[in-house]
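Please look over the sequence and the model below before reading these notes.

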Amino acid sequence: MKNKRTLFFIVQAGLIAAVYVALTFIAALAGLASGVIQVRISEALCILPFFTPAAIPGLFVGCAIANLITGCAPWDILFGSLATLLGALGAYWIGRYIKKSTGKKAFFLKLSLPFPNLLTNIIIVPWVLRFVYGDTAAIWFLSLTVGIGEFIAGVGLGLILLFALEKRAHHIFR
């Protein structure tokens, strides 16, 4: 039984990583996957740790592979993926409280699920843009532009995904 659960965990993580990579590639085709202005639609997946802990390594590996295939610099691959990992851990932590809560408290906690990823990205990615790619814009400006894109994709699309998956989550994630 334990081997079956481990295999299911690995398969879920792999599928989440693959979807993250595919969505990032689509954003890259539109010129939105990297740079000062980025709206990675794959960031909507950062709410998935609420449903399954397999999303944590899935998102980390997916982000690393996506950064690699879209031509990011090695330090960006490392620190961008770490930002996603920290955001996923934050969403998982909030998700544990949601499962213990009811009513309005649970609802408002659900609304906060995408914010750990938003915060880690607006803190880490501007420094990557500055030191890895040599962008000369002010850090506050880079935080603003990254934050706007992350808000659109991670919070806006992420919450839509959260509420769309919620009714079927027990079938999808088990």
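**Notes on the helices and their contacts**

1. Pro74 has its place in helix α3, which covers residues 74-100; helices here are DSSP runs of H or I with at least four residues, numbered from the N terminus. Pro74 is exposed, with a relative accessible area of 65%, where buried means under 20%, exposed over 50% and partly exposed in between, using a 1.4 Å probe and protein chains only. The C-alpha atoms of Pro74 and Gly149 are separated by 22 Å, and the two residues lie 75 residues apart along the chain.

2. Please keep in mind that this is a predicted model, in which local features need pLDDT of at least 70 and side-chain atom pairs count only at pLDDT 80 or more, while totals for chains, interfaces and linings use all residues. Residues are numbered from 1 along each chain as its sequence is written, and side-chain values use heavy atoms, with hydrogens and water left out.

3. Helix α5 (residues 115-131) packs with helix α6 (residues 139-166) at an angle of about 140°, their axes being 8 Å apart; the axes are lines fitted to C-alpha atoms, for helices over the stretch in contact, and angles run from 0 to 180 degrees between N-to-C directions. That makes α5 oblique to α6, since angles under 35 degrees count as roughly parallel, over 145 as roughly antiparallel, 65 to 115 as roughly perpendicular and the rest as oblique.

4. The residues of α5 that meet α6 include Phe115, Leu118 and Trp127, and among their partners in α6 are Leu142, Val146 and Phe151, contact meaning heavy atoms within 4.5 Å. By class, this contact of α5 with α6 has twelve nonpolar, four polar and two charged residues; Ala, Val, Leu, Ile, Met, Phe, Trp, Tyr, Cys and Pro count as nonpolar, Asp, Glu, Lys and Arg as charged, and the others, Gly among them, as polar.

5. Helices α4 and α6 pack at an angle of about 130°, with their axes 10 Å apart, and that makes α4 oblique to α6. Phe107, Lys110 and Leu111 in α4 meet Leu159, Leu162, Phe163 and Glu166 in α6.

6. Which side chains meet in a salt bridge? Those of Glu166 and Lys110 do, at 2.3 Å from N to O, a salt bridge being a side-chain nitrogen of Lys or Arg within 4 Å of a carboxyl oxygen of Asp or Glu. The pair links distant parts of the chain, with Glu166 in helix α6 and Lys110 in helix α4 (residues 103-111), 56 residues apart. Glu166 is partly exposed, with a relative accessible area of 25%, whereas Lys110 is buried, at 16%.

Definitions and conventions: Helices (H or I, at least four residues) and strands (E, at least two) are DSSP runs, numbered from the N terminus.
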